[in-house]
Amino acid sequence: MTLNGIDVSNWQAGIDLAAVPADFVIMKATQGTNYVSPDCDRQYQQAKKASRLLGVYHYVAGGNAIAEADYFVNNIKGYIGEAILVLDWEAEQNGAWGNEAYLEQVTRRVIDHTGVKPLIYSMASRYAQVAAVAKKLDCGLWIAQYASNDPTGYQAHPWNEGAYACAIRQYTSAGRLPGYGGKLDLNIAYMDRNAWMKYAAKSGSKPAPAPSKPAAPAKKSEDTIAAEVIAGKWGNGQDRVNRLKQAGYNPATIQAKVNAKLGASKPAARTYTVRAGDNLSAIAARYGTTYQALAAKNGIANPNLIYPGQVLKID
């Protein structure tokens with residue numbers, strides 16, 4: 001059993017977590033001893049209302065382990081018992097990086113003050129050192145390792161899966177999902193909803209019940225999706241293909257319906273006459289292709305220079 005989910009911070013301020021498909025959402029709460037993510041509680045409450053499984057994390061900055069742990073705990077008191085807690089151990093902006101004794105001290109303090117054993121997040125290159133701390137304190141691991149920076153949707157079996165034992169694997173920072181136009185960190189959790197709630201529970205206490213999973217929204221018809229593609233709501237090129245597959249649609253079938261709606265029974269003969277205000281990207285989106293392909297097909301050296309009345313070959 002696995003779960004698919006995302007982690008967010010103030011970089012995704014305003015994201016509609018009810019619209020983005022996810023079994024779980026982990027929010028950045030704090031960093032060091034003087035930063036609280038401005039959008040954390042809004043994100044948290046929205047994800048909770050949407051019945052997502054919940055998590056919050058603290059980015060370790062180094063300096064004073066006790067003060068950091070207390071700062072985190074004091075700012076997430078309302079989430080304890082219903083969200084997993086995470087300590088983010090990375091090299092950037094971390095004055096204690098390489099000193100896992102500091103990480104151990106922060107972790108112990110969080111456990112002592114919450115009764116919750118936090119997960120520890122780090123990159124695969126630091127796995128051995130971080131795993132030793134997690135094993136010593138009986139904590140789970142959340143490990144990040146990416147195959148590439150290419151856009152992708154959720155993956156059932158990420159690259160290099162099984163190379164290390166972990167509760168959660170983060171496999172991209174270039175994730176693309178319906179409901180959000182930017183990049184997202186995508187993760188797979190090797191557990192079910194009840195196991196997630198056990199990670200969130202205070203040691204020795206009965207875990208809070210897992211949020212009931214909302215019924216899946218009614219799937220839109222292929223004709224509706226084709227109309228949305230024409231309107232540019234599903235992106236372009238491979239990004240569109242990935243999004244359609246993730247949403248359960250056959251990209252080839254949708255493209256055929258797009259062609260039909262555009263009156264393209266013979267796609268090879270399609271042309272488009274440029275109008276004032278047009279640009280190549282918008283035209284490409286309308287026809288399910290890319291501006292690079294249109295430029296190449298029509299011998300356009302500068303894709304930014306097209307003119308009204310110009311007839312473009314589509315196929």
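The buried residues of helix 2 pack against strand 2 (24–31), strand 4 (53–59), strand 5 and helix 3. Packing here rests on contact, meaning heavy atoms within 4.5 Å; helices (H or I, at least four residues) and strands (E, at least two) are DSSP runs numbered from the N terminus.

A quick word on the ground rules. This is a predicted model, where local features need pLDDT of at least 70 and side-chain atom pairs count only at pLDDT 80 or more, while totals for chains, interfaces and linings use all residues. Residues are numbered from 1 along each chain as its sequence is written, and side-chain values use heavy atoms, with hydrogens and water left out.

**Exercise 1. Find the buried residues of helix 2 and the residue that caps its N-terminal end.**

Step 1: Buried is under 20% relative accessible area, exposed is over 50%, and partly exposed is in between (1.4 Å probe, protein chains only).

Step 2: Pick out the buried residues of helix 2. They are Ala-65, Glu-68, Ala-69, Asp-70, Phe-72 and Val-73.

Step 3: Look at the N-terminal end. Asn-64 is the cap there, with a side-chain oxygen 3.2 Å from the backbone nitrogen of Ile-66.

**Exercise 2. Trace the salt bridges of Asp-70, Glu-82 and Glu-228.**

Step 1: Set the rule. A salt bridge needs a side-chain nitrogen of Lys or Arg within 4 Å of a carboxyl oxygen of Asp or Glu. The structure holds nine of them.

Step 2: Start with Asp-70. Its partner is Arg-109, with the closest N and O atoms 2.8 Å apart. The pair links distant parts of the chain: Asp-70 sits in helix 2 and Arg-109 in helix 3 (residues 100–114), 39 residues apart. Asp-70 is one of the buried residues of helix 2, whereas Arg-109 is partly exposed at 24% relative accessibility.

Step 3: Move on to Glu-82, whose side chain meets that of Lys-48 at 3.2 Å, N to O. Glu-82 lies in the loop between helix 2 (65–75) and strand 5 (83–88), and Lys-48 in helix 1 (residues 40–49), 34 residues apart. Glu-82 is partly exposed at 22%, and Lys-48 is partly exposed at 37%.

Step 4: Finish with Glu-228, which pairs with Lys-220 at 2.7 Å between the closest N and O atoms. Glu-228 is buried at 12%, but Lys-220 is partly exposed at 43%.

**Exercise 3. Describe the interface of domain 1 and domain 2.**

Step 1: The domain assignment, automatic or from a database, gives domain 1 (3–200), domain 2 (222–262) and domain 3 (271–313).

Step 2: Check who touches whom. Nine residues of domain 1 are in contact with four residues of domain 2.

Step 3: Take the buried area, which is the accessible area (1.4 Å probe) that two parts lose on being put together, summed over both. For domain 1 and domain 2 this comes to about 530 Å², with carbon and sulfur atoms giving 52%. Tyr-154, Arg-176 and Pro-178 supply 65% of the area that domain 1 buries against domain 2, more than any other three residues.

Key: Polar contact = N/O pair within 3.5 Å; in protein donor to acceptor, adjacent residues only side chain to side chain.
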